[in-house]
Amino acid sequence: MALCVALLIAAEFMPVSLLTPIARDLHASVGMAGQAISISGLFAVLASLYIATFAARFDRKHVLIGLTALMLLSLVLIAVAPNFLILMVARAMLGIVVGGFWSLATATVMRLVPESQVPKALGIVYMGNAVATAFAAPIGSYVGGIIGWRGVFWAIVPIAAISILWQWMSLPAMPSEAPSPVSKLFGLLRRPHVAFAMLGTMLTFAGSFCIFTYLRPFLETRTHVNLTQLSLLLLALGMAGFLGTSGASALAKRHLHLLLGVLPVSLAAATVVLLLVQRSFWSVGGALIVWGTLQSAIPVCWSTWLSKGVSDEPESGGGLMVGAIQLSIMSGSALGGFLLDHFSVTSTFIGGAVMLLLSACIVGNGRRIQQPA
């Protein structure tokens with residue numbers, strides 16, 4: 001599952017490191033190319049709403065393998081896309097995989113390991129996130145400069161095929177369960193602590209991806225990096241993800257609600273620091289390490305909250321949370337692209353920071369998002 005997560009993250013956010021060449025090759029603006037990320041978010045939202053109902057009819061193992069096969073097909077389509085429309089279609093297919101896989105991930109982990117091991121197991125799964133963040137962006141930008149952005153996506157295809165085979169061999173059978181209707185998913189929003197948590201989740205992810213999606217244009221236009229420097233900075237950003245993921249896994253047991261409030265404030269502060277030191281390569285590198293550490297801790301913390309805050313309905317809760325996250329990624333990326341095209345990358349970063357601060361206000365001291373005793 002961690003390998004599949006790594007591939008999903010790499011495939012979903014690879015355009016971040018390849019935004020400029022994709023836009024140039026497909027005759028689109030950088031802001032338009034950024035919508036390739038937001039369109040996957042739209043279809044991920046739709047998939048997350050219905051995947052629990054669909055998956056209940058089948059063995060969970062077969063559902064996960066089928067989603068991975070669809071990811072492989074989308075990678076091939078991206079690699080051969082002759083125009084922006086085909087790219088968006090392929091990204092829509094990838095969005096279905098993202099929404100489906102992530103919606104089922106926490107509930108699947110809860111079926112695979114004892115309750116006491118769930119935070120640790122989620123940390124392992126999200127380590128795939130850290131691996132992809134660490135290596136996908138810098139390798140994508142560097143290798144893309146040598147073999148082109150299409151070659152980068154072709155390189156992921158055989159790894160996706162290996163992932164399918166590995167899942168088939170390693171995952172146990174997980175028989176179908178009672179159907180989980182969509183109405184149950186939305187019914188969770190009647191619980192006040194869930195409603196506040198979803199709002200906090202959405203603002204956090206919208207803010208972070210409003211910034212993250214447009215890091216390459218920022219580094220190219222403000223820090224004036226070359227290809228090698230860009231790859232090094234993205235590698236530093238990604239490597240920091242290991243620290244953030246492992247740190248969040250260790251701290252989430254005792255300080256979960258504190259982390260959910262502090263992380264977005266700290267991420268907003270790190271974003272402001274990026275703007276203040278934008279001309280200095282080494283200062284930007286240091287700020288990106290901090291930024292990457294904080295940003296990678298957020299998904300682990302919210303997934304841990306899900307396993308505790310909606311423990312009686314993990315699949316419906318997973319679908320609701322993934323829908324909220326993907327809607328946020330879509331809207332955050334879209335807003336960031338709009339601000340970039342019509343104003344500047346500074347406006348994009350400030351807009352993201354404001355949403356992060358609003359998220360912290362929603363979470364507060366954590367009482368609003370705690371499940372009633």
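Biologist: Why is phenylalanine 43 called partly exposed?

Modeller: Its relative accessible area is 29%. Buried means under 20%, exposed means over 50%, and partly exposed is what lies in between, using a 1.4 Å probe and protein chains only. So 29% puts phenylalanine 43 in the partly exposed group. Keep in mind that this is a predicted model, where local features need pLDDT of at least 70, side-chain atom pairs count only at pLDDT 80 or more, and totals for chains, interfaces and linings use all residues. Residues are numbered from 1 along each chain as its sequence is written, and side-chain values use heavy atoms, with hydrogens and water left out.

Biologist: Where does phenylalanine 43 lie, and what is it in contact with?

Modeller: Phenylalanine 43 lies in helix α2, residues 30–55. Helices here are DSSP runs (H or I, at least four residues), strands are E runs of at least two, and both are numbered from the N terminus. Leaving aside neighbours within four places in sequence, phenylalanine 43 is in contact with Ala92, Gly95 and Ile96; contact means heavy atoms within 4.5 Å. The C-alpha atoms of phenylalanine 43 and glycine 323 are separated by 9.3 Å, although these residues are 280 apart along the chain.

Biologist: What makes serine 163 count as buried?

Modeller: Serine 163 has 2% relative accessibility, so it falls under the cut-off and counts as buried. Its place is in helix α6, residues 149–170. Not counting residues up to four places away in sequence, serine 163 touches Leu3, Cys4, Leu7 and Thr68.

Biologist: How many helices and strands does the chain have, and how much of the chain is buried?

Modeller: There are 13 helices and zero strands. Buried residues make up 60% of the 373 residues.

Biologist: What makes α10 roughly antiparallel to α13?

Modeller: The axes of helix α10 (residues 227–276) and helix α13 (residues 345–363) come within 8 Å and cross at roughly 160 degrees. Axes are lines fitted to C-alpha atoms, for helices over the stretch in contact, with angles running from 0 to 180 degrees between N-to-C directions. Under 35 degrees counts as roughly parallel, over 145 as roughly antiparallel, 65 to 115 as roughly perpendicular, and the rest as oblique. So α10 is roughly antiparallel to α13. Residues making the contact include Leu260 and Gly261 of α10 and Phe349 and Ala353 of α13.

Biologist: Why is α8 called roughly antiparallel to α13?

Modeller: The axes of α8 and α13 come within 7 Å and cross at roughly 160 degrees. That angle makes α8 roughly antiparallel to α13. Among the residues making the contact are Gly200 and Leu203 of α8 and Gly352 and Leu356 of α13.

Biologist: How do you know that phenylalanine 205 and phenylalanine 209 are stacked?

Modeller: Rings of Phe, Tyr and Trp (its six-membered ring) pair if their centres lie within 6.5 Å; planes under 30 degrees apart count as stacked, over 60 as edge-to-face and the rest as tilted. The count by this rule comes to seven aromatic pairs. In the pair of phenylalanine 205 and phenylalanine 209, the centres are 6.5 Å apart with 10 degrees between the planes, a stacked arrangement. These two residues are about one helical turn apart because they sit four residues apart in helix α8, residues 192–212. Phenylalanine 205 and phenylalanine 209 are buried.
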